[in-house]
Amino acid sequence: MEKNSTLGVKEIAKLSGVSIGTVDRVLHNRPGVAAKTKEKVLAVLENHQYEPNLIGRALSKKKPIHFVAIIPISSPESAYWDAPKKGIIQALNELKNYEVKIEVLLFDQNNRLSFEEQVEVFKSLEVDGLILAPTFLKESLALSEYCDEKGILYAYVNSDLPDTNNIAYFGADLFQTGYLAGRLLHNYRNSNCEFLIIHISKEMENDHHLIRKEEGVRTYFRDKNLDADLKVLHINDTGIDHIAKILSDFLKTNPVKHWLVTNSRVSSVAKFIQNNKINDVKLIGFDFLPENVSYLKSGIIDFLICHKPIEQGFNAVMALFQKKVLHKSIEKINFMPIDVICKENYMYYEN
């Protein structure tokens, strides 16, 4: 059996020895075709494993596809969310001939109210699919339930919510990411095995993805039977001056030399190290952002752990399109690579 996914109606007609109109009637199961003629056309279709143009068929209905992305806006402290947004726009450009519209609703990840406001905007729209960064746990669960009630497809990026009906998740295996960070910290260990985990977030109780990374770190040391002293510092203000004050106060009584910042705000910590001329701290953080890379190049940040955020946004849009238009089965969990970037290899890396 020969497979030819590019076989068109004209080629089928030629192989069958019938008119294009006859092939069209057979494909759409319309009357007016003799039984023997129909059998001849069907035999050609089967022999070539013909698959109808589902995209064309869906578009023939002339109903535009409307997707919405609800993601954080980039901030002065972190430009991380520019990357998933770039991926979403890339996907839109790829689908521009297929009557697909994507509306991006941006919220302040430090402000729960701004998320709720964008959810209300979302509910006022006629939507076929949602790309969601579930930053605020309770509110994101409520939005997911709303989508279930309305029959709206939705996919998560960056962090996942268990036990929901999302069609897909594109992002890191957060626990395994933390486990890897634990290994990197361990490789830098000193005699007393003291380590500092730094969470920087105004909404710590909702940043479940940061806590999941911490769980991974703790599990690594537990699995290795290492008596590590893991200190945790929660910084609930993202301003550089506040971060500097908290770190200064902490170091007065805790001279820890091995630090892990659990999100992209590692550059704020690196700036503190630079401004205070601290030379003996090993620093690990997340995300391939210009401000982070500059400190990586200078040697203040030792490693960045990265998860292809542009691909996350792109793949989430394409998954919604494939499910909505092509009715394809979508893999629910799609973990991105866990890339470790350092001073020696950053110039070869792309987000």
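Before you start, axes here are lines fitted to C-alpha atoms, for helices over the stretch in contact, and angles run from 0 to 180 degrees between N-to-C directions. The model is a predicted one: local features need pLDDT of at least 70, side-chain atom pairs count only at pLDDT 80 or more, and totals for chains, interfaces and linings use all residues. Residue numbers start from 1 along each chain as its sequence is written, and side-chain values use heavy atoms, with hydrogens and water left out. Helices (H or I, at least four residues) and strands (E, at least two) are DSSP runs, numbered from the N terminus.

**Exercise 1. Work out how helix 6 and helix 7 are arranged, and list the residues that meet.**

Step 1: get the geometry. The two axes come within 11 Å, and the crossing angle of helix 6 and helix 7 is roughly 10 degrees.

Step 2: classify the angle. Under 35 degrees counts as roughly parallel, over 145 as roughly antiparallel, 65 to 115 as roughly perpendicular, and the rest as oblique. Helix 6 and helix 7 are therefore roughly parallel to each other.

Step 3: find the contacts (heavy atoms within 4.5 Å). From helix 6 come Arg-112, Phe-115, Glu-116, Val-119, Phe-122 and Lys-123, and they meet Glu-139, Ser-140, Leu-143, Tyr-146 and Cys-147 in helix 7.

**Exercise 2. Describe helix 6 itself: its span, its buried side and its N-terminal end.**

Step 1: check the span. The expected value is 1.5 Å times one less than the number of residues. Helix 6 covers residues 112–123, twelve residues, and reaches 17 Å from first to last C-alpha, close to the expected 16 Å.

Step 2: pick out the buried residues (under 20% relative accessible area; exposed is over 50%, partly exposed in between; 1.4 Å probe, protein chains only). In helix 6 these are Ser-114, Phe-115, Gln-118, Val-119 and Phe-122.

Step 3: look down the axis. The buried residues of helix 6 fall within an arc of 145 degrees (taken from the directions from the helix axis to the C-beta atoms), so they line one face of the helix. An α-helix has 3.6 residues a turn, so residues three or four places apart point the same way.

Step 4: see what that face packs against. The partners are strand 1 (65–72), strand 2 (100–107), strand 3 (129–132) and helix 7 (137–150).

Step 5: inspect the N-terminal end. Asn-111 caps helix 6, with a side-chain oxygen 2.9 Å from the backbone nitrogen of Leu-113.

**Exercise 3. Which loops hold Glu-99 and Asn-225, and what is the phi of each?**

Step 1: Glu-99 lies in the loop between helix 5 (82–94) and strand 2, while Asn-225 lies in the loop between helix 9 (208–223) and strand 7 (229–235).

Step 2: recall that most residues other than glycine have a negative phi. Glu-99 isn't a glycine, yet its phi is positive, about 60 degrees. Asn-225 isn't a glycine either, and has a positive phi of about 55 degrees.

Step 3: Glu-99 is partly exposed at 37% relative accessible area, and Asn-225 counts as exposed at 70% relative accessibility.

Terms used:
Polar contact = N/O pair within 3.5 Å; in protein donor to acceptor, adjacent residues only side chain to side chain.
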